[in-house]
Amino acid sequence: MPGYSIVTLSLKKTGVPPGDATSDQMDTVADLADAYSFGQLTVSHEQNLIFTDVRQSQLLALWSELKDLGLATPNIGLLTDIVCCPGGDFCSLANAKSIPIAEAIQRRFDDLDYLHDLGDIDLNISGCMNACGHHHVGHIGVLGVDKNGSEWYQVTIGGTQGERAAIGKVIGPSFAAHEMPDVVARLLDVYVNRRFTDERFVDTVRRLGIDPFKEHVYAPAH
């Protein structure tokens, strides 16, 4: 409808488990939904909150309140807008922790200018093959696996949802938890160096295949 906008509230502030909100935040969000969105609030598949009908004349006022509440991080659809299951911290089915991996990646790439330059990237993390984090359809997918009682992480790239849905392809052997931010950084190195103008990460993967990414990620450190 002319004069209205959809507003997404980011639950992916750096240092906060992806998708988490406090009870005080949710109480305030409920009040804001009444004030700005006809009482309508939606939870997205990407673990964010959405006000569906906000008058455009009120966007600045709403943004100001959301900023004070810590829900105005402008990273929707970007690398740190991570989809993450509860993992081993909370789920008895998980093979590995998910939340610490997400937080480590968020901290490593806590630079909005860089994130916006990278553009649209879906990073999804699951703590086991039940795939509650939908790692298999992430542009970058991370799956927690158990190796003799230790936590390791398998990485896939090229997954996507939507009209061109695809399952990500495994790039190679799994990684230790402390390696994961560097692994993501190396994947991004290939993308930044070989992308075409305005080409998304997933489209670069489709064009190049996984081999250039695999070679760079597993290359010996110099």
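User: What does it take for two strands to pair?

Analyst: Two strands pair if DSSP finds at least two bridges between them. The strands themselves are DSSP runs (E, at least two residues), and helices are runs of H or I with at least four residues, numbered from the N terminus. This is a predicted model, in which local features need pLDDT of at least 70, side-chain atom pairs count only at pLDDT 80 or more, and totals for chains, interfaces and linings use all residues. Residues are numbered from 1 along each chain as its sequence is written, and side-chain values use heavy atoms, with hydrogens and water left out.

User: How many bridges join strand 1 to strand 3?

Analyst: Strand 1 (residues 4-9) and strand 3 (residues 49-55) are joined by five bridges and run antiparallel. Val7 has Phe51 in strand 3 as its bridge partner.

User: How does strand 2 pair with strand 3?

Analyst: Two bridges link strand 2 (residues 42-43) to strand 3 in the antiparallel sense. Val43 is bridged to Leu49 of strand 3. The two strands form a hairpin with five residues between them, and Gln47 in the turn has a positive phi of about 70°.

User: At what angle do helix 5 and helix 6 pack?

Analyst: Axes are lines fitted to C-alpha atoms, for helices over the stretch in contact, and angles run from 0 to 180 degrees between N-to-C directions. Helix 5 (residues 180-194) packs against helix 6 (residues 201-208) at about 80°, with the axes 10 Å apart. Helix 5 is therefore roughly perpendicular to helix 6 (65 to 115 degrees; under 35 is roughly parallel, over 145 roughly antiparallel, the rest oblique).

User: Which residues of helix 5 and helix 6 make the contact?

Analyst: Contact means heavy atoms within 4.5 Å. Helix 5 contributes Leu187, Leu188, Tyr191 and Arg194, while helix 6 contributes Phe201, Thr204, Arg207 and Leu208.

User: How many disulfides does a search of the whole structure find?

Analyst: A disulfide is a pair of cysteine sulfur atoms within 2.5 Å. The search of the whole structure finds zero. Cys85 is in no disulfide, and its nearest cysteine sulfur, that of Cys84, is 5.5 Å away. For Cys132, the closest cysteine sulfur is in Cys85 at 6.1 Å, too far for a bond.

User: Is Cys85 buried or exposed?

Analyst: Buried means under 20% relative accessible area, exposed over 50%, and partly exposed in between (1.4 Å probe, protein chains only). Cys85 is buried because its relative accessibility is 9%. Cys132, at 60%, is exposed. Gly162 is exposed too, at 57%, and lies in the loop between strand 7 (150-157) and strand 8 (169-170).
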